[in-house]
Amino acid sequence: MAVPARTCGASRPGPARTARPWPGRGPQPGPGARRSLWLLLPPLLLLPLLAAPGSSAYSFPQQHTMQHWARRLEQEVDGVMRIFGGVQQLREIYKDNRNLFEVQENEPQKLVEKVAGDIESLLDRKVQALKRLADAAENFQKAHRWQDNIKEEDILYYDAKADAELDDPESEDVERGSKASTLRLDFIEDPNFKNKVNYSYTAVQIPTDIYKGSTVILNELNWTEALENVFMENRRQDPTLLWQVFGSATGVTRYYPATPWRAPKKIDLYDVRRRPWYIQGASSPKDMVIIVDVSGSVSGLTLKLMKTSVCEMLDTLSDDDYVNVASFNEKAQPVSCFTHLVQANVRNKKVFKEAVQGMVAKGTTGYKAGFEYAFDQLQNSNITRANCNKMIMMFTDGGEDRVQDVFEKYNWPNRTVRVFTFSVGQHNYDVTPLQWMACANKGYYFEIPSIGAIRINTQEYLDVLGRPMVLAGKEAKQVQWTNVYEDALGLGLVVTGTLPVFNLTQDGPGEKKNQLILGVMGIDVALNDIKRLTPNYTLGANGYVFAIDLNGYVLLHPNLKPQTTNFREPVTLDFLDAELEDENKEEIRRSMIDGNKGHKQIRTLVKSLDERYIDEVIRNYTWVPIRSTNYSLGLVLPPYSTFYLQANLSDQILQVKLPISKLKDFEFLLPSSFESEGHVFIAPREYCKDLNASDNNTEFLKNFIELMEKVTPDSKQCNNFLLHNLILDTGITQQLVERVWRDQDLNTYSLLAVFAATDGGITRVFPNKAAEDWTENPEPFNASFYRRSLDNHGYVFKPPHQDTLLRPLELENDTVGILVSTAVELSLGRRTLRPAVVGVKLDLEAWAEKFKVLASNRTHQDQPQKQCGPSSHCEMDCEVNNEDLLCVLIDDGGFLVLSNQNHQWDQVGRFFSEVDANLMLALYNNSFYTRKESYDYQAACAPQPPGNLGAAPRGVFVPTIADFLNLAWWTSAAAWSLFQQLLYGLIYHSWFQADAAEAEGSPETRESSCVMKQTQYYFGSVNASYNAIIDCGNCSRLFHAQRLTNTNLLFVVAEKPLCSQCEAGRLLQKETHSDGPEQCELVQRPRYRRGPHICFDYNATEDTSDCGRGASFPPSLGVLVSLQLLLLLGLPPRPQPQVQVHASRRL
């Protein structure tokens, strides 16, 4: 019985069956393709299809035949692993050396409580230093006598940007000749700061757009100089302190120890008042509604100023704040898809910024519509929000209506909502109504006549919000810890403890208390310092510690690895994005945010280290709060990591005070032993303080050996746990060579190498020459094969990784191999652990040939192939009929491992959909595979190519010849505005779009943070042998699929496709660029969070009389004339100094 040969256009014989409904995942077929759905045919129904009496041809193999082939494959793999893997022998070796190690237990509750206590102690030391600094600063400022006539030459300080400015011949200070007595310092390299520092001085950074010679700034420099001694005393008491910083409300930053400022390639936009840590410390959380006037009078330049102002305003908000943005004319409507207040996180703010650019001016001004919309937003109690400061920020070009009736209805008499008004652009409207709105609602009135006023005036509102904090006094003096963010001075990822500093002066005897915030004091803690308090290697390769804050963002997590960082934004990775989200983890996250203790064992999904595979695993989660902080600490342990080995070499070795190099088993680390004992890679761990690290493992081993010639076993500079376990595992793996590997002929079984890797940090590869092609990570805990083997029972196949963009594998000299590994489970009494992984490396070409024989009708390779005569019928097999029959082994991630098609050998390691899209889709739709999609929010992407920037933006005023000839124009506001536009055009991309990366001159100009969509496949629910037909009309295909027992392989036999009319949609596995999940949908189901425990938004004694009176900087006729001459001559304009300090900043 046989299936007749197929041709395109010939129909397949056999009974037709009704197609089952589409399963609702994967590429969806169109209406005309419904006949191409998958038909499931049980084995008995397949028989008539496969047999026709009297025919003489090969038939598709029967199910029992393919099951027989599968058993042969399973037996071959198991036999090789039993002979060469040495699992049983390694168990015996451990037991034979039982006197050399002890079995220790990880007790999750005790562990997590100890680590939480250690972190609490670390942070508490920083808190005490913060309090000393804040108290000292308030006292110094209170004792300071304001000097109206202070001069630059009266102040001596180290200007952190002076060195960069001196190196720049076009620098403002070099040209003017700075009058300030700037110190020139010497610096020494300090590895703790990853920088050159000077411990005898502080450094001062002043924003580019603030004139450092102003009276306000000079007085600020004068009184803050006294902080230098307090900084140094803090360091004397706690030498582990890193940056100590005072960020002043005037924009001055004084930090210790002194180090040169990291000069950007372009204009430096750093302003401490816009840093996340400063904003968090300077005010309580905010609920903000921004309303923008888009009536017809708001056009051209004014509208562009408003758009930029809104974007800058959004940058003053943190993840503790909530915001919405609306535009209004006769009616008000949200600018984006957000219909209510949403968390001011990075992704939501991005949506707002993009939406704001689409605003169009038309209609008439209707303040009532705008304010009613804003108050309704703030009164909505059915949503998550900050529930602290409430405010409305209105941007307009002016109007007459005061909308008093709206305020009476919604806000008076309690005035719980502050109103801030911004008069934007050059106009002659009466601003009195705008001033009245702000003053009548405890807010402030600002003017933004040109782009130069945007940055300063969109952040000054923080001074107003700080008033209740100052008036609350000691009650408000509470340390807050920030989200993770990138340190601007190169320290890497840090968190900062912040404490507000208040103005304690009074205007006179009996006068009201000053209500200005002086600034924020901050002390950095590097994440690496916190990580050092967590257990490293006792938790095993898949155990770890993590910590989250009240927003659910991770402070510690092994998956917190941002590829690129923008120091303007915090690093906000949610715990549910750091791991694969499920209901159990949501519950754990909520409990941690609420500050509870807990323990839970869950079955969950984890990604492999190389992000190609998904494993279903069991994990034990244990968590406790970190007292006196907003953080909570968690511990994750697999069941097999409950116990671990600790080498105990003291009885035999440590009594001899000799260098470690003289110890037993150390000789097997020496390269001279590699030829006979196999090559040894040692994990690049911090075994000793003086050990020089190296990315080259050969060099690292050399450094290690040289140090061991000098170090005794009980040396205080070494980590005895790591060192002794390394020596123990060196000896144990050498005994494996001696008992198993050395006397075996690897070529007989077509093996390129055998190997063993251990928790102790040893990876031994035999024979030595195989190490030349060994590409796995020398740190077993960072090797994907090692971690996956621990999480999976049986043999884990790992084909070589191939990117579709790279050229196919080169099979020359048999150097391409397939790893097969398995964990060694050791039972000692009632304690079970997995201290090692062993495996083999298969020769790809040889095993591909062996695969064809095992999946054929031959019993061994030397047996002649069975011939099928014209009058007989035979079943096809994977060897004889490889032109008609496709036979493959695919791993649990959907990657090709072996094929009977020689032309597919160079595609081993590729996702199978790239090899045979039609068949892979059939496997997916028949539930052999399940798909998991997730998003990587820490990826780095190449920057988008810039658009055409040659033309000036529409709406920018361009003076005419008549204007140039009119003296009145030269002194007009329009000319002054043009000057500021040109000045800030150097800062803002395309004049009105702030390009932070470019302006800061940081590495982000090459790469920027982006979102990548990841898709992984893993085995579905089908475990049994399975026959099916890919129903494609005249081009249908039979296939059989079966899981191989005790492996991560799927054995698939299918007819080769003869037609192309049935090309199915291709499943994608490759990581792709994405905008992430739809934000408009996500905000409808926000993740659980809690805001800070404290809120200061009201004080009955607050003086609201200072509410803004509007002021502008008078233009200088000389400056404007010079500017226009430069423009006429075609010379580039050079920025002029400005004093961007509010009048109330006189201290």
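Start in the loop that runs from strand E26 (614-625) to strand E27 (632-637), and you'll find Ser 628 sitting there. Keep in mind that this is a predicted model. Ser 628 isn't a glycine, and yet its phi is positive, at about 70°. Is this serine buried or exposed? With a relative accessibility of 66%, Ser 628 counts as exposed.

Look for Asn 387 in the loop between helix H12 (367-379) and strand E15 (389-396). Then there's Ser 927, which comes after helix H27 and has a positive phi near 70°.

Now step back for the whole chain. There are 1147 residues in the protein chain, and 58% of them count as buried. The secondary structure comes to 33 helices and 45 strands. If you take the contacts with a separation of 6 or more, 74% of them are between residues 24 or more positions apart.

H10 (residues 301-314) packs against H11 (residues 346-356) at an angle of about 175°, and their axes are 9 Å apart. That angle makes H10 roughly antiparallel to H11. Which residues of H10 and H11 meet? From H10 come Lys 307, Val 310, Cys 311 and Leu 314, and from H11 come Lys 349, Phe 352, Lys 353 and Val 356. Sorted by class, this contact has five nonpolar residues, three charged ones and no polar ones. As background for reading such a list, an α-helix has 3.6 residues a turn, so residues three or four places apart point the same way.

The structure holds 45 aromatic pairs. In the pair of Phe 755 and Trp 774, the ring centres are 5.0 Å apart and the planes are at 55°, so this pair is tilted. The pair links distant parts of the chain, 19 residues apart: Phe 755 belongs to strand E30 (residues 751-758), while Trp 774 is in the loop between strand E31 (762-766) and helix H25 (784-791). Both Phe 755 and Trp 774 are buried.

Phe 193, Tyr 199, Phe 231, Trp 243, Tyr 255, Tyr 256, Trp 261 and Tyr 270 form one aromatic cluster. Tyr 256 shows up again in the backbone, as a cis peptide bond joins Tyr 256 to Pro 257, with omega about -5°. Pro 257 is in the loop between strand E10 (253-256) and helix H9 (276-282). A cis bond also joins Trp 412 and Pro 413, where omega is about 5°. You'll find Pro 413 in the loop between helix H13 (404-410) and strand E16 (417-424).

Val 479 lies in the loop between helix H17 (467-472) and strand E18 (480-481). Its relative accessibility is 22%, so Val 479 counts as partly exposed; the cut-off for buried is under 20%. What does Val 479 touch, once residues up to four places away in sequence are set aside? The partners are Val 127, Leu 130, Gly 497, Thr 498 and Leu 499. One of these, Thr 498, is 19 residues away from Val 479 along the chain, with 5.5 Å between the two C-alpha atoms.

The other residue is Asn 881, in the loop between strand E35 (874-875) and strand E36 (885-891). At 6% relative accessibility, Asn 881 counts as buried. Leaving out neighbours within four places in sequence, Asn 881 is in contact with Tyr 58, Glu 875 and Met 876.

Notes: Residues are numbered from 1 along each chain as its sequence is written. This is a predicted model: local features need pLDDT of at least 70, side-chain atom pairs count only at pLDDT 80 or more; totals for chains, interfaces and linings use all residues. Side-chain values use heavy atoms; hydrogens and water are left out. Axes are lines fitted to C-alpha atoms, for helices over the stretch in contact, and angles run from 0 to 180 degrees between N-to-C directions. Helices (H or I, at least four residues) and strands (E, at least two) are DSSP runs, numbered from the N terminus. Angles under 35 degrees count as roughly parallel, over 145 as roughly antiparallel, 65 to 115 as roughly perpendicular and the rest as oblique. Contact means heavy atoms within 4.5 Å. Ala, Val, Leu, Ile, Met, Phe, Trp, Tyr, Cys and Pro count as nonpolar, Asp, Glu, Lys and Arg as charged, and the others, Gly among them, as polar. Buried means under 20% relative accessible area, exposed over 50%, partly exposed in between (1.4 Å probe, protein chains only). Rings of Phe, Tyr and Trp (its six-membered ring) pair if their centres lie within 6.5 Å; planes under 30 degrees apart count as stacked, over 60 as edge-to-face and the rest as tilted.
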